[in-house]
Amino acid sequence: MSAIRLAVTVVSTAFAVSRHPAVRAMVNNPKTRETAISTTRNAAYNAGVLARHLLGRNNKL
């Protein structure tokens with residue numbers, strides 16, 4: 001699977017999950033919202049670290 005196709009899949013899935021009623025109810029709580037934001041940022045950072053390890057820093061997609 002190409003990197004672009006994978007990125008589109010991840011974004012589409014994230015959008016679908018964000019529209020789910022359970023997720024919307026959870027985000028109304030400020031403490032839960034901050035935890036979700038922090039977790040999402042950490043996951044995105046870790047995904048970037050993993051991608052750099054797998055592809056290298058100088059890889060042009």
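Tutor: Helices (H or I, at least four residues) and strands (E, at least two) are taken here as DSSP runs and are numbered from the N terminus. A pocket is found on a 1 Å grid over the protein atoms alone, as an open set of points where a 1.4 Å probe fits, with protein on both sides within 12 Å along at least five of seven lines, and its lining residues have an atom within 4 Å of a point. This is a predicted model, in which local features need pLDDT of at least 70 and side-chain atom pairs count only at pLDDT 80 or more, while totals for chains, interfaces and linings use all residues. Residues are numbered from 1 along each chain as its sequence is written, and side-chain values use heavy atoms, with hydrogens and water left out.

With those terms in place, α3 gives the most to the lining of the largest pocket, with eight residues. That lining consists of 15 residues, and those nearest the pocket's centre are Leu 6, Ala 7, Val 10, Ala 47 and Ala 51. Two or more lining residues come from each of α1 (3-18) and α3. The volume of the largest pocket is about 480 Å³, counted as the space filled by probe spheres set on grid points that are joined across faces, edges and corners.

Helix α3 covers residues 30-55 and includes Leu 55, which is partly exposed at a relative accessible area of 44% (buried means under 20%, exposed over 50%, and partly exposed in between, with a 1.4 Å probe and protein chains only). From Asn 29 to Val 49, 20 residues along the chain, the C-alpha atoms are 30 Å apart.

As for the setting, the chain has three helices and zero strands, in the order α-α-α. Its radius of gyration is 15 Å, well over the 10 Å that the globule rule gives for 61 residues, so the chain is more spread out than a compact globule; the radius is taken over C-alpha atoms, and the rule is 2.2 Å times the number of residues to the power 0.38. Buried residues make up 0% of the 61 residues.
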